[in-house]
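Here is a short tour of a helical packing problem, written for someone who likes to follow along in the viewer. Please take a look at the sequence and the structure first.

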Amino acid sequence: MYEFSVLMALTDYIPVLLFGVAAVLMQRDFYNKMPKYAFACFAAGCVNVFLAGFLKATWKLLYAAGVCDFHVLNTMFLPVQSIGLLLTGFGLILMLTARKKAALAVAPPVFAGTFVFIAMMVAGLGAMCASLGVVAAKMKKKGLIAVFFLTFLCYMAMGYLASRDGSSAAMNWIEQGVNTLGQALLLFGVIRLHRAGLRDFSLS
């Protein structure tokens, strides 16, 4: 039995919306800097991450409201978000390193093992936050490097908390708090880059 309240379930949508706004801003600012295949990879990853969080929050709301326990929405969270973060991070790395004439297709395999998804998540998060840190350094906004590093730490802490007993209300509130903080930091950093003129800034 899970100790979810309707208020807790609704609160779970907050970090999802924060990530969604950050993702839209990043896609607008990076669109003219990415080869098409890199942008497709990055955009697909953002959609996956958003949907993973949205579906898990919806599962909590349905459960808390006593409608049903549609647990498949929760089960989908780890693989969908892991693949999404991997694609997002890889798309940013391609933007920073790949030549525009190069072509590369990415189709990450789906595995059943939890460890593989966790490894994909860590790799994707590391690539995303590190790439954003590189962009911040290029734009001489070095203070934002710390912001994106703290974002990464919050994601890692959230992952650790999610691996603990998720049935108690206290642990869920703590996990949601850390998640919201991480997404708020990401959005803050992305907004600062956007206002600094990232869309028209040359990364080459």
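Which pattern does the chain follow when read along the sequence? The pattern is α-α-α-α-α-α-α-α.

## The overall picture

Please keep in mind that this is a predicted model. The secondary structure of the chain comes to eight helices and zero strands. Among the 204 residues of the chain, 45% count as buried.

Taking the contacts in the chain with a separation of 6 or more, 78% come from residues 24 or more positions apart.

Let us start with helix α3, which covers residues 36-64. With 29 residues, α3 reaches 42 Å from its first C-alpha to its last, close to the 42 Å expected at 1.5 Å a residue. After α3 comes G66, with a positive phi near 75 degrees.

Helix α8 takes up residues 169-195 and has 27 residues. From first C-alpha to last, α8 reaches 38 Å, close to the expected 39 Å. Here too a glycine follows: G197 comes after α8 and has a positive phi, near 95 degrees.

## How α2 packs against α3

Helix α2, residues 13-30, packs against α3 at an angle of about 170 degrees, with the two axes 9 Å apart. Why do α2 and α3 count as roughly antiparallel? Their angle is about 170 degrees, and angles over 145 degrees count as roughly antiparallel; α2 and α3 are therefore roughly antiparallel to each other. The crossing of these two helices is left-handed.

On the α2 side, the residues in this contact are Y13, V16, F19, G20, A23, M26, Q27 and F30. They meet a set of α3 residues including F39, F42, C46, V49, F50, F54 and L61. By class, this contact of α2 with α3 has 15 nonpolar, four polar and no charged residues.

## How α2 packs against α8

α2 also packs against α8, at an angle of about 25 degrees and with axes 9 Å apart. The cut-off for roughly parallel is under 35 degrees, and α2 and α8 are therefore roughly parallel to each other. α2 passes α8 in a left-handed crossing.

From α2, the contact uses I14, P15, L18, F19, V21, A22, L25, M26 and D29. Their partners in α8 include N179, Q183, L186, L187, V190 and H194. By class, the contact of α2 with α8 has 13 nonpolar, four polar and one charged residues.

K56 is found in helix α3. Is K56 buried or exposed? K56 is buried, with a relative accessible area of 13%. Leaving aside neighbours within four places in sequence, K56 is in contact with D12, L73, N74, F77 and E175.

V147 lies in helix α7, residues 143-163. V147 is buried as well, at a relative accessible area of 12%. Not counting residues up to four places away in sequence, V147 touches L185, F188 and G189. V147 and L132 are 15 residues apart in sequence, and their C-alpha atoms are 9.8 Å apart in space.

Methods:
Residues are numbered from 1 along each chain as its sequence is written. This is a predicted model: local features need pLDDT of at least 70, side-chain atom pairs count only at pLDDT 80 or more; totals for chains, interfaces and linings use all residues. Side-chain values use heavy atoms; hydrogens and water are left out. Helices (H or I, at least four residues) and strands (E, at least two) are DSSP runs, numbered from the N terminus. The expected span of a helix is 1.5 Å times one less than its number of residues. Axes are lines fitted to C-alpha atoms, for helices over the stretch in contact, and angles run from 0 to 180 degrees between N-to-C directions. Angles under 35 degrees count as roughly parallel, over 145 as roughly antiparallel, 65 to 115 as roughly perpendicular and the rest as oblique. A crossing is left-handed if the near helix is turned anticlockwise from the far one by less than a right angle, and right-handed if clockwise. Contact means heavy atoms within 4.5 Å. Ala, Val, Leu, Ile, Met, Phe, Trp, Tyr, Cys and Pro count as nonpolar, Asp, Glu, Lys and Arg as charged, and the others, Gly among them, as polar. Buried means under 20% relative accessible area, exposed over 50%, partly exposed in between (1.4 Å probe, protein chains only).
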